[in-house]
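Please examine the sequence and the structure displayed below before reading the report.

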Amino acid sequence: MAFTPLHDRVLVRRIEAEEKTAGGIIIPDTAKEKPQEGEVLAVGAGARDEDGERIPMDVKVGDRILFGKWSGTEVKINGEDLVIMKESDILGIITPAAEVRKAA
């Protein structure tokens, strides 16, 4: 089944956090929080302003993002747990360190 979000909504797959701390301590499942990092799987066409003009989306498919702890609505699509959220719930786009060094 294919899913296309409407307006300014985004479909996100959570990226699981590390299971070990920097010091090597393994974190049990019961102590883990929901990841606040994800990968954009699909984006809507964008919201419309007062004049009816479409406002383009700032995120695109494949972007790695950071979002609020309680953001979005959890859904199950094709047996996979995903999150649908508004673009305004996204705090930022994560850029890999290698790309940041290239740009500088």
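## Basis of the model

The model is predicted: local features need pLDDT of at least 70, side-chain atom pairs count only at pLDDT 80 or more, and totals for chains, interfaces and linings use all residues. Residues are numbered from 1 along each chain as its sequence is written, and side-chain values use heavy atoms, with hydrogens and water left out.

## The sheet

Two strands pair if DSSP finds at least two bridges between them.

E1 and strand E2 (residues 37-43) run antiparallel and are joined by five bridges. Leu11 stands opposite Ala42 in E2.

## Arg14

Arg14 belongs to strand E1 (residues 9-14). Arg14 has a relative accessible area of 16% and is therefore buried (under 20%; exposed is over 50%, and partly exposed lies in between, with a 1.4 Å probe and protein chains only).

The side chains of Arg14 and Glu74 are joined by a polar contact of 3.4 Å. Such a contact is a pair of N or O atoms within 3.5 Å; within protein, one must be able to donate a hydrogen and the other to accept it, and residues adjacent in sequence count only if both atoms are side-chain atoms.

## Positive phi angles

Most residues other than glycine have a negative phi. His7, which is not a glycine, has a positive phi of about 55°. His7 lies in the segment before E1 and is partly exposed, at 46% relative accessible area.

Asn78, also a residue other than glycine, has a positive phi near 55°. Asn78 lies in the loop between E4 and strand E5 (80-86) and counts as exposed, at 56% relative accessibility.

Definitions and conventions:
Helices (H or I, at least four residues) and strands (E, at least two) are DSSP runs, numbered from the N terminus.
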